[in-house]
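Here is a quick tour for anyone meeting this structure for the first time. Have a look at the sequence and the model, then read on.

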Amino acid sequence: MPRHSETRHLPYTAQQMYDLVADVGSYPQFLPWCAAARVRSRDDQGDHEVMLADLVISFKVFRERFGSRVVLWPEDMKIDTEYLDGPFRYMKSNWAFADAEGGCEVSFFVDFEFKNAVLQGIIGVVFNEAMQRIVRAFEDRAKVLYGAP
């Protein structure tokens with residue numbers, strides 16, 4: 001169903017952007033439509049960390065909670081998310097961060113489908129714009145945390 005993939009060059013380090021995206025508990029402070037976030041658990045597996053987290057998404061008359069399994073790969077500078085429970089049939093996303101000249105490359109991919117046909121229809125109309133707004137929110141948050149370049 002809806003998929004979005006993009007890579008951006010940003011004037012921050014890969015570590016800074018990785019840390020920003022990995023801080024799921026802060027999402028309601030800056031992420032559009034994110035009304036609440038709760039980290040249920042964190043489990044250090046040595047080369048990676050597994051986090052179970054809940055987000056509450058609020059969009060117009062819809063307000064839904066969903067759970068995710070977030071796998072943080074600090075050495076590889078990657079973050080993988082898979083859906084556990086909530087309003088989706090499925091959802092997965094991936095972030096990858098790599099230092100590059102003058103900053104870093106941030107790659108983002110998301111693929112999902114809502115169970116609710118009405119909600120799926122609404123998001124389908126504005127999907128690309130919504131995904132671009134979300135990516136911009138992470139960029140704007142980096143400016144707040146690390147300063148404008």
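## The second largest cavity

Glu6, Arg8, Leu10, Met17, Trp95, Val106, Phe108, Val135, Phe138 and Glu139 form the lining of the second largest cavity. Keep in mind that this is a predicted model. The elements giving two or more residues to this lining are β1, β7 and α2. Sorted by class, the lining has 7 nonpolar residues and 3 charged ones, with no polar residues. The volume of this second largest cavity comes to about 70 Å³.

## The largest cavity

How many cavities of 30 Å³ or more are there? The count is 2. The largest one holds about 720 Å³ of space, and 34 residues line it.

Quite a list of elements gives two or more residues to the lining of the largest cavity: the helices α1 and α2 (117–146), along with the strands β3, β4, β5, β6 and β7. By class, this lining splits into 30 nonpolar residues, 3 polar and 1 charged.

## The sheet

Now for the strands. There are 7 of them in an open sheet, and their order is β1-β7-β6-β5-β4-β3-β2, with antiparallel pairing. At the edges sit β1 (3–10) and β2 (34–44), each of which pairs on one side only. On average, neighbouring strands in this sheet are turned by 15° against each other, ignoring direction. As for what holds such an arrangement together, strands of a sheet pair through backbone hydrogen bonds, either parallel or antiparallel.

Helix α1 (residues 14–22) lies across β1, β3, β4, β5 (78–85), β6 (88–100) and β7 (103–114). Against β6, helix α1 runs at about 160°.

Start with β2 and β3, which pair in the antiparallel sense over 9 bridges.

Next come β3 (residues 49–59) and β4 (residues 62–73), antiparallel strands joined by 11 bridges. Here Leu52 has Arg69 in β4 as its bridge partner, while Asp54 stands opposite Gly67 in β4. The hairpin of β3 and β4 has 2 residues between the strands, and Lys60 takes a positive phi near 55° there.

Val71 stands opposite Asp80 in β5. In the hairpin of β4 and β5, there are 4 residues between the strands, and Met77 takes a positive phi near 55°.

## Aromatic pairs

How many aromatic pairs does the model have? The count comes to 11. A pair of aromatic rings is described by the distance of the centres and the angle of the planes.

Take Tyr12 and Tyr146 as an example. Their ring centres are 5.9 Å apart and their planes are at 50°, so the pair counts as tilted. Why does this pair tie together parts that are 134 residues apart in sequence? Because Tyr12 lies in the loop between β1 and α1, whereas Tyr146 is in helix α2.

Conventions: Residues numbered from 1 in each chain as written. Predicted model: local features only at pLDDT ≥ 70, side-chain atom pairs only at ≥ 80, totals over all residues. Heavy atoms only, no water. Pairing = 2+ DSSP bridges. Axes fitted to C-alpha atoms, helices over the stretch in contact; angles between N-to-C directions. Contact = heavy atoms within 4.5 Å. 1 Å grid on protein atoms, 1.4 Å probe; cavity = no way out; pocket = protein on both sides within 12 Å on 5 of 7 lines; lining within 4 Å. Points joined across faces, edges and corners; volume = space filled by probe spheres on them. Nonpolar A, V, L, I, M, F, W, Y, C, P; charged D, E, K, R; others polar. Phe/Tyr/Trp six-rings, centres within 6.5 Å; stacked < 30°, edge-to-face > 60°.
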